[in-house]
Amino acid sequence: MSPNRPGQKLKMTELRQAIHKAKKSFIFVGFFSLFINLLQLTSPLYMLQLYDRVMTSRSESTLWFLTLLVIVLFITMALLEMIRSRVLVRVGNKLDNLLSDRVFESIFALANKMPGKASSAPLNDLTQIRQFMTGNGLFAFFDLPWMPIYILILFLFHPFFGYFSIFAGIVLVVFAILNENTTKGKLGEANKLNRDSTVFVDMSLRNAEVINAMGMHKNIKKIWQKKYFGFLNAQMIASDNAGLWANIAKSSRIMFQSLMLGLGGYLAIKAEVSPGMMIAGSIIMGRALAPLDLMIGTWKGFSNARTSYERLNGLLIEFPQNDKPMELPAPKGDLLLESVIVIPPNAKQPSLKGISLHVEKGDVVGVIGPSAAGKSSLARAILGIWPLVQGKARLDLSDISQWDKELLGKYIGYLPQDIELFEGTISENISRFSQVDAQKVVEAAQIAGVHEMILRLPEGYDTIIGVGGATLSGGQRQRVGLARALYGNPVLVVLDEPNSNLDDVGEAALVEAIKLLKAKGTTVILITHRPNILQVTNKLALMQQGLLQMYGNTNEVLQKLQQQANPQPQPSAKAQPASAPQVVSLSKPVGA
């Protein structure tokens with residue numbers, strides 16, 4: 001956030017705005033707390049009347065009347081507390097409803113920006129805040145403002161009662177401060193280690209096959225144990241400290257109540273207070289100190305909720321909700337890259353260095369090059385997955401970042417290297433979990449050449465494939481992923497190593513699918529290491545070290561690569577032609 005100018009009103013964060021929307025509900029809770037705290041005086045006043053009026057007058061009718069009145073007041077207080085609790089529960093649910101979608105979107109934005117560091121923890125943070133708001137700990141904040149009222153009543157009984165209750169309150173406040181200072185650091189450390197442990201386990205589970213196959217289980221477990229036991233140790237220290245001060249505070253409050261009885265007894269002997277005031281004073285002081293006692297006892301929950309609030313607030317600030325862009329006309333598939341520079345997440349060096357590239361509608365462009373040449377980075381730049389440090393990626397002259405992703409998605413097909421299918425039926429996966437259009441699902445499967453394979457499965461298109469598509473082979477997952485990329489006849493299809501897991505039959509089906517896309521005028525970006533699939537391309541781009549070394553018609557680029565691999569003997573100086581050698585453009589097709 002940029003600093004505010006002098007006199008400028010501090011902008012309210014999104015999380016604070018969501019809580020502020022429940023302002024009326026909190027006022028309502030505070031209004032109920034007013035009557036609840038007034039009714040808390042029922043017990044001490046009953047004791048006061050019982051000892052000072054009933055015992056002296058020995059009137060049974062007075063006793064019955066007071067007792068009946070006390071029962072009615074206690075029932076009223078119970079109903080008010082029940083309503084107050086229900087209001088806070090609904091406030092917590094309202095906060096969850098307001099923020100859960102935004103938190104979910106922010107998690108995915110974080111996953112794109114910093115892969116490997118995103119997890120479901122922010123949703124747990126939202127749950128932590130909601131649970132604190134619906135628990136007893138929040139009641140202490142509504143009851144604490146009534147502490148001076150109770151102390152004032154004690155002063156009315158006797159000044160010594162008031163001074164003693166102030167002393168007891170100061171002692172409990174000191175305990176609360178010590179509790180905060182001794183637990184905050186360790187609780188923060190525990191929360192961080194717990195999140196790190198959870199993220200590490202999630203990442204390990206996604207690679208369980210490799211871990212089990214290569215005997216890495218024990219080593220992975222050691223790393224997890226270091227993080228997890230570090231979390232347990234930090235949490236244990238924080239819990240020990242919190243428990244220490246909570247028990248000291250509780251015991252001190254009980255002790256102060258007993259000492260108040262002793263003080264009342266002394267004053268009663270001196271005939272400065274009545275026996276009823278002695279009992280009532282002890283009860284009222286206990287009620288005055290109860291919010292402090294409750295705050296200390298629930299401080300760990302408050303501290304966790306505060307930490308969750310800070311993390312969640314930081315996440316929402318880092319990934320603010322952008323205004324929905326104006327809907328643009330349906331793209332045709334013309335692609336233009338202008339001096340694109342990309343730095344991958346968690347990296348310092350660019351993987352794309354000033355790439356300029358024009359792909360016309362209906363082109364099938366093969367992208368080749370050695371490992372780490374920037375091919376996958378090029379795909380992510382084209383699709384707007386990774387932000388550009390410099391330059392523009394345009395689809396039909398419109399900056400890809402200006403598109404609403406939900407609207408653009410139906411015009412885009414993408415098959416990444418790592419195929420991720422989701423728990424559900426094959427038809428749901430192919431339809432991208434939108435409303436399943438059976439005709440479009442079958443059409444996409446037929447184009448991908450996977451229709452007959454799906455029909456051979458136990459439940460056909462209704463086959464549940466499990467989390468990550470675990471019930472399918474690598475080749476089957478890749479072919480289903482291809483069908484998903486082709487669903488809805490997209491105008492731009494990006495295929496990153498689409499034949500890495502395919503056999504000869506699957507690769508032949510892939511070739512036929514690309515030929516069909518080419519015939520339909522679909523723009524295709526094909527990243528591959530296998531030269532035999534380049535037959536379906538009409539243009540070829542060579543990437544090396546993040547640079548576009550060659551780009552042009554496929555046959556011409558292949559011919560130049562063949563000449564570089566097998567250079568012809570250099571003619572003598574006398575036989576050399578006078579004309580200058582041909583220069584290959586790095587941003588325009590050869591011969592264009």
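Contact here means heavy atoms within 4.5 Å, and helices are DSSP runs (H or I, at least four residues) numbered from the N terminus. The model is predicted, so that local features need pLDDT of at least 70 and side-chain atom pairs count only at pLDDT 80 or more, while totals for chains, interfaces and linings use all residues. Residues are numbered from 1 along each chain as its sequence is written, and side-chain values use heavy atoms, with hydrogens and water left out.

Ser43, Pro44, Met47, Leu48, Tyr51 and Asp52 of H3 meet a set of H11 residues that includes Pro275, Met277, Ile279 and Ile283. The axes of H3 (residues 42-57) and H11 (residues 275-297) come within 7 Å and cross at roughly 170°, the axes being lines fitted to C-alpha atoms over the stretch in contact and the angles running from 0 to 180 degrees between N-to-C directions. H3 is therefore roughly antiparallel to H11, a description that applies to angles over 145 degrees.

Elsewhere, a salt bridge (a side-chain nitrogen of Lys or Arg within 4 Å of a carboxyl oxygen of Asp or Glu) joins Arg102 to Glu14, with their closest N and O atoms 2.6 Å apart. This pair links distant parts of the chain, since Arg102 lies in helix H4 and Glu14 in helix H1 (residues 14-20), 88 residues apart. The whole structure holds 14 salt bridges.

Notes
Helices (H or I, at least four residues) and strands (E, at least two) are DSSP runs, numbered from the N terminus. Angles under 35 degrees count as roughly parallel, over 145 as roughly antiparallel, 65 to 115 as roughly perpendicular and the rest as oblique.
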